[in-house]
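Have the viewer open and follow along.

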Amino acid sequence: TTEKTVKNLKDDITIYVLTSKNSQDSTLEKTLDKYKSLSSHIKVEYKDPMKSPTFYNTYTAEAPSQNSLIVVSDKRNRVIDYTSLYQTETDYSTGESKTTGYDGEGQITSAIDFVTSDSLEKMYIVQGHDELELEASFTDAISKANIETEAINLMQSDAVPEDAGCVLLLAPISDFSADDAKKITDYLNNGGKALIVSTYAEKDMTNFQSILTPYGVTI
């Protein structure tokens with residue numbers, strides 16, 4: 001995926017590393033060297049916080065950690081904080097944190113895709129029927145895939161918005177109104193996409209079921 005994304009680049013990208021070249025993370029350095037070797041459109045520059053303490057202000061209001069990255073194109077930019085490059089787990093018996101994985105490639109490729117995409121996908125999360133809340137790990141995965149999310153209450157909308165790449169129905173336990181169900185059905189009939197999750201509900205869910213029935217799905 002990384003090779004395909006990088007080799008197809010047409011936009012110039014600069015990856016700023018917020019550290020001096022002598023203080024850089026050696027693992028991250030090797031990762032960035034691989035990216036540079038894949039495309040002449042990628043340039044890496046080091047910005048020493050001691051010499052350029054306010055450089056990040058152009059891209060973010062909060063100071064990133066040392067060794068953080070700022071990926072920049074003419075379209076947009078993304079800050080990758082150094083803490084997100086490494087995966088950690090906490091031993092709650094000792095309170096100590098240990099590194100369990102390295103996600104430099106995943107974060108950088110996601111950022112490159114984000115700053116070069118002509119348009120970004122949008123997922124509408126349907127609310128108003130006592131749905132579950134998304135867990136952080138899932139929202140992180142959605143964000144990493146460069147999918148924007150927005151909550152929507154169908155009672156306050158005439159239809160699913162035209163810019164919807166997908167709608168998420170996350171385990172409602174109160175039934176949809178017939179009107180809400182029709183808005184989802186109309187969207188799907190026009191080629192829309194949905195991720196639909198069900199859970200146990202004590203209440204009658206006839207209208208929610210009506211969204212699934214045309215596809216031969218029952219709860």
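Aspartate 130 sits in the loop that runs between strand E7 (121-127) and H4. This is a predicted model, and in it the phi of aspartate 130 comes out near 55 degrees, a positive value in a residue other than glycine.

You'll find asparagine 146 in the loop between H4 and strand E8 (147-153). Is asparagine 146 buried or exposed? With a relative accessible area of 7%, against a cut-off of under 20% for buried, asparagine 146 is buried.

**Helix H3 and its surroundings**

Now to helix H3, which covers residues 104-116, 13 residues in total. From first C-alpha to last, H3 reaches 18 Å, close to the 18 Å expected at 1.5 Å a residue. Which residues of H3 are buried? The list is Gly104, Ile108, Thr109, Ser110, Ala111, Ile112, Phe114, Val115 and Thr116. Some background for reading that list: an α-helix has 3.6 residues a turn, so residues three or four places apart point the same way.

Isoleucine 112, found in helix H3, is a handy one to click on. Its relative accessible area is 0%, so isoleucine 112 is buried. In sequence, isoleucine 112 and threonine 14 are 98 residues apart, yet their C-alpha atoms are separated by 9.7 Å.

Phenylalanine 114 has two arginines to look at. The charged end of arginine 76 sits over the phenylalanine 114 ring, 5.4 Å from its centre. Arginine 78 lies over the face of phenylalanine 114 too, at 4.3 Å from the ring centre.

**Aromatic pairs**

How many aromatic pairs does a search of the whole structure find? It finds six. One of these pairs involves tyrosine 16 and tyrosine 59: the ring centres are 6.3 Å apart and the planes meet at 35 degrees, so the pair is tilted. The pair links distant parts of the chain, with tyrosine 16 in strand E1 (residues 13-17) and tyrosine 59 in the loop between strand E2 (42-46) and strand E3 (69-72), 43 residues apart. As for accessibility, tyrosine 16 is buried at 13% relative accessible area, whereas tyrosine 59 counts as partly exposed at 22%. Ring pairs also bring in Phe55, giving a cluster of Tyr16, Phe55 and Tyr59.

**The largest pocket**

What lines the largest pocket? The residues are Arg78, Val79, Ile80, Asp81, Ser84, Gln107, Ser137, Asp140, Ser143 and Lys144. Arg78, then, turns up here in the lining as well as over the face of phenylalanine 114.

Strand E4 (77-80) and helix H4 (136-144) each supply at least two residues of that lining. The largest share, four residues, comes from H4. Sorted by class, the lining has two nonpolar, four polar and four charged residues.

**Distances along the chain and in space**

Here are some C-alpha to C-alpha separations side by side with the sequence gaps.

| Pair | Apart in sequence | C-alpha to C-alpha |
|---|---|---|
| Glutamine 87 and aspartate 103 | 16 residues | 7.0 Å |
| Glutamate 3 and histidine 41 | 38 residues | 13 Å |
| Glutamate 96 and valine 115 | 19 residues | 36 Å |

A few notes on the residues in the table. Glutamine 87 is in strand E5 (residues 86-91), and at 39% relative accessibility glutamine 87 counts as partly exposed. Glutamate 3 belongs to helix H1 (residues 2-7), where its 49% relative accessibility makes glutamate 3 partly exposed. Glutamate 96 is in strand E6 (residues 96-102). With a relative accessible area of 56%, glutamate 96 is exposed.

Conventions:
Residues are numbered from 1 along each chain as its sequence is written. This is a predicted model: local features need pLDDT of at least 70, side-chain atom pairs count only at pLDDT 80 or more; totals for chains, interfaces and linings use all residues. Side-chain values use heavy atoms; hydrogens and water are left out. The expected span of a helix is 1.5 Å times one less than its number of residues. Buried means under 20% relative accessible area, exposed over 50%, partly exposed in between (1.4 Å probe, protein chains only). Rings of Phe, Tyr and Trp (its six-membered ring) pair if their centres lie within 6.5 Å; planes under 30 degrees apart count as stacked, over 60 as edge-to-face and the rest as tilted. A charge sits over a ring if NZ of Lys or CZ of Arg is within 6 Å of the ring centre and within 35 degrees of the ring normal. On a 1 Å grid over the protein atoms alone, a cavity is a set of points where a 1.4 Å probe fits but cannot get out, and a pocket is an open set with protein on both sides within 12 Å along at least five of seven lines; lining residues have an atom within 4 Å of a point. Ala, Val, Leu, Ile, Met, Phe, Trp, Tyr, Cys and Pro count as nonpolar, Asp, Glu, Lys and Arg as charged, and the others, Gly among them, as polar.
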